[in-house]
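Trainee: Could you show me how to read a few features of a protein model?
Mentor: Gladly! Let's look at it together.

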Amino acid sequence: MKKISVVILNWNGVGMLQKFLPKVLEYSQGEGVEVCVADNGSTDDSVAWLKANCPDVRIIVLDQNYGFADGYNKALQQVEAEYVVLLNSDVEVTPRWLEPMQAYLDSHSEVAACQPKIRAERNKEYFEYAGAAGGYIDCYGYPFCRGRIFEVVEKDEGQYDTVQSVFWATGAALFIRLKDYRNAGGLDGRFFAHMEEIDLCWRLRSRGRGIVCIPQSVVYHVGAATLKKENPRKTFLNFRNNLLMLYKNLPEKELKKVLFIRGALDWLAAFVFLLKGDGKNARAVIQARKEFKRIRPDFASSRVENLGKATDESIPEKVTYSILWKFHVCGRKVFHKLK
């Protein structure tokens, strides 16, 4: 069995592989470390390029595009390692990036997963939107990060260089014990993409397993390489999957109130899109709510399982305040000013 398997899920991303895979190979060497590329049904020449140019890469070929979530589930069925790293194809790694994360998990058996500090590949002095220095979630299910709240992304000046327990670690560079991944059921393939890593981390945290950010490891992420940030498909998936995540994981005493308030906030979000002249994204929000209502019964058994296995109903990194209120009303637009 390998110590670490770095698994890159690829879909029609030969350009990203050509740009970023060489450094992954250069900086991910060591005894018991392998680099895998799981091809998610690509129709470009990704697999041919890998075979011709990367003989040291283990290639896992999936028969179709299963999306981010189930693509990783199917790929990791073919991996045996103590730790796996779910690494986006558009991530630039740095020297010794694996070592701090491995060392921390080796010495902290209560921690299931971690992430490096993630900066923007296009503007390397700043944090990256999708992961920054570790994620949290507010009382209504809105995610935010150390270093990024909504559209405000901070410059990295060392303000978050401490190892910190977080609610969720980004799927762009998720370092996780394979045993924990499997015990928690992996990523929810029904999500297809977006919010799936937060849902997984919620399950882990509710079962008493830790999630941390290890800022001594640094990577750079392009972000939005598959779907641009304002793409209506991405808006639909984010809103729908966020509601599904809340339904699957919220304690019974919170669920009804939170979903009621989220209904009002989601309609407000659709209205704001309309005010901006963005009818496509407004419709995406409305469609997401309709789809959630339609498929919600399909997730009832997952809710029963998650609540039944939960040991920690109160999770410190799931904050009790509204990040919308803090940000828009109180004017607290950076993480260290929230409290």
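Trainee: Which residues of helix α10 are buried?
Mentor: This is a predicted model, and in helix α10, residues 300–309, the buried ones are S302, R303 and N306. They span an arc of only 100° around the axis, so they sit on the same side of α10. On the other side of α10 you find S301, V304 and G308, which are exposed.

Trainee: What do the buried residues of α10 pack against?
Mentor: Their partners are α6 (196–206), α7 and α8 (252–275).

Trainee: How do I describe two packed helices?
Mentor: Give the angle between their axes and the distance between the axes. Here, α7 (residues 232–249) packs with α9 (residues 279–295) at an angle of about 35°, and their axes are 8 Å apart. The crossing of α7 past α9 is right-handed. Among the residues making the contact are F236, F239 and L243 of α7, and A284, V285 and F292 of α9. By type, the residues of this contact divide into eleven nonpolar, three polar and four charged.

Trainee: And how should I read phi?
Mentor: Now look at F150, where phi is positive, near 50°. F150 lies in the loop between β9 (148–149) and β10 (152–153). Phi of H194 is also a positive value, near 80°, and H194 is found in the loop between α5 (178–183) and α6.

Trainee: Is F150 buried or exposed?
Mentor: F150 has a relative accessible area of 18%. Buried means under 20%, so F150 is buried.

Key: Residues numbered from 1 in each chain as written. Predicted model: local features only at pLDDT ≥ 70, side-chain atom pairs only at ≥ 80, totals over all residues. Heavy atoms only, no water. Axes fitted to C-alpha atoms, helices over the stretch in contact; angles between N-to-C directions. Helix = DSSP H or I, 4+ residues; strand = E, 2+ residues; numbered from the N terminus. Left-handed = near helix turned anticlockwise from the far one by under 90°. Contact = heavy atoms within 4.5 Å. Nonpolar A, V, L, I, M, F, W, Y, C, P; charged D, E, K, R; others polar. Buried < 20%, exposed > 50% of the residue type's maximum accessible area, 1.4 Å probe, protein only. Arc of directions from axis to C-beta.
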